[in-house]
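The sequence and structure come first.

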Amino acid sequence: MNNNKIYLCAPVNALVEGIYEEKIPFTEIKKHGDFGLGTFDNLDGEMIMLDGNIYQMTADGRVHQVDENALTPFACVTFYQPLTHDELEEEMDYPAFLQWLQNLLPSPNIFYAIRIEGLFNYVKVRSVPKQENYRPLVDVAEEQPVFEFSQIEGTLAGFFTPSYMSSLSVPGLHLHFLSADLQHGGHLMNCRPVKIRAGIQCVSTLEMALPMSLDYLTWDFRRNTAQDLDKAEK
Ligand SMILES: [Zn+2]
């Protein structure tokens with residue numbers, strides 16, 4: 001498990017502050033993982049990476065597979081290698097599902113990569129609309145288009161991050177959804193799984209790159225962004 005680490009191409013607080021353009025190519029991101037989530041430059045939609053394929057889920061509700069020349073200001077990836085698999089074969093509401101998932105994680109103080117596949121009776125996702133730089137993420141999140149689906153098969157991919165790391169990555173569970181037909185997806189807001197299988201990878205190493213853009217190098221990061229992030233990512 002030499003590659004068993006979480007890779008962040010930038011701290012999430014840069015995104016929360018409105019730095020939406022870092023021009024980091026996915027050629028770089030893919031050196032560090034084949035699985036994960038994030039966004040695109042100018043906050044142009046939600047990103048999900050599965051088996052090395054990069055999907056862009058834009059605010060018009062569409063999904064596009066993009067190549068490695070796409071650019072990102074924030075991505076969190078790993079080489080997916082699950083340690084355990086668990087199955088759920090009864091319908092659960094969202095709070096019960098979250099509790100079921102939390103119970104699969106032995107400690108809240110390390111990272112986990114989580115991949116869940118199966119059938120959902122209900123899925124609610126959002127996708128961020130394209131933005132100019134410097135508009136705080138918490139303001140953007142108030143206008144995000146929301147999409148709801150019933151009886152849909154698909155994959156949830158994402159991470160659990162320890163609570164005290166909220167300036168680096170989204171704390172707690174952060175999952176993105178992509179339908180099995182690759183037509184729908186976004187940042188997960190709610191779901192009711194019916195029959196799913198969850199793969200869990202425990203990760204105890206974090207590798208984080210710091211952007212070398214002028215925006216990043218000259219920004220004042222002393223503001224505590226935890227509350228903004230909590231509001232924007234719910
Ligand atoms: Zn997200």
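## Terms and basis

A residue counts as buried under 20% relative accessible area, as exposed over 50%, and as partly exposed in between, using a 1.4 Å probe and protein chains only. The model is predicted: local features need pLDDT of at least 70 and side-chain atom pairs count only at pLDDT 80 or more, whereas totals for chains, interfaces and linings use all residues. Residues are numbered from 1 along each chain as its sequence is written, and side-chain values use heavy atoms, with hydrogens and water left out.

## Aromatic residues

Trp-100 is buried, with a relative accessible area of 15%, and Phe-97 is buried at 0%. Both lie in helix 3 (residues 94-103), three residues apart, about one turn of the helix. Helices (H or I, at least four residues) and strands (E, at least two) are DSSP runs, numbered from the N terminus.

The structure holds 10 aromatic pairs. Rings of Phe, Tyr and Trp (its six-membered ring) pair if their centres lie within 6.5 Å; planes under 30 degrees apart count as stacked, over 60 as edge-to-face and the rest as tilted. The ring centres of Phe-97 and Trp-100 are 6.4 Å apart and the planes are at 25°, so this pair is stacked. One aromatic cluster is formed by Tyr-134, Tyr-216, Trp-219 and Phe-221.

## Zinc site

The zinc ion has as protein donors His-174 (NE2), His-176 (NE2) and His-187 (ND1), which lie 2.0 to 2.1 Å from it. Donors are N, O and S atoms within 2.8 Å of the metal (3.2 Å for Na, K and Ca); water is not among the atoms, so sites may look incomplete.

Along the chain, the spacing of the donors is H-x1-H-x10-H. His-176 lies in strand 12 (residues 172-179) and His-187 in strand 13 (residues 185-203), so the pair ties together parts that are 11 residues apart in sequence. His-176 and His-187 are both buried.

Strand 5 (residues 53-57) and strand 6 (residues 63-66) run antiparallel and are joined by four bridges; two strands pair if DSSP finds at least two bridges between them. Tyr-55 has Gln-65 in strand 6 as its bridge partner. Five residues separate the strands of this hairpin, in which Gly-61 takes a positive phi near 85°.

## Cavity and pockets

On a 1 Å grid over the protein atoms alone, a cavity is a set of points where a 1.4 Å probe fits but cannot get out, and a pocket is an open set with protein on both sides within 12 Å along at least five of seven lines; lining residues have an atom within 4 Å of a point. Grid points are joined across faces, edges and corners, and a volume is the space filled by probe spheres set on the points. The structure holds one cavity of 30 Å³ or more, and the largest cavity has about 110 Å³ of space. Its lining has 16 residues, with Leu-15, Thr-39, Glu-46, Arg-126 and Glu-233 nearest the centre. Strand 3 gives the most to this lining, with three residues.

The largest pocket has a volume of about 430 Å³. Of its 19 lining residues, Val-170, Pro-171, Leu-173, Glu-233 and Lys-234 are the closest to the centre. Helix 3, strand 12, strand 13 and helix 6 (226-233) each supply at least two residues of the lining.
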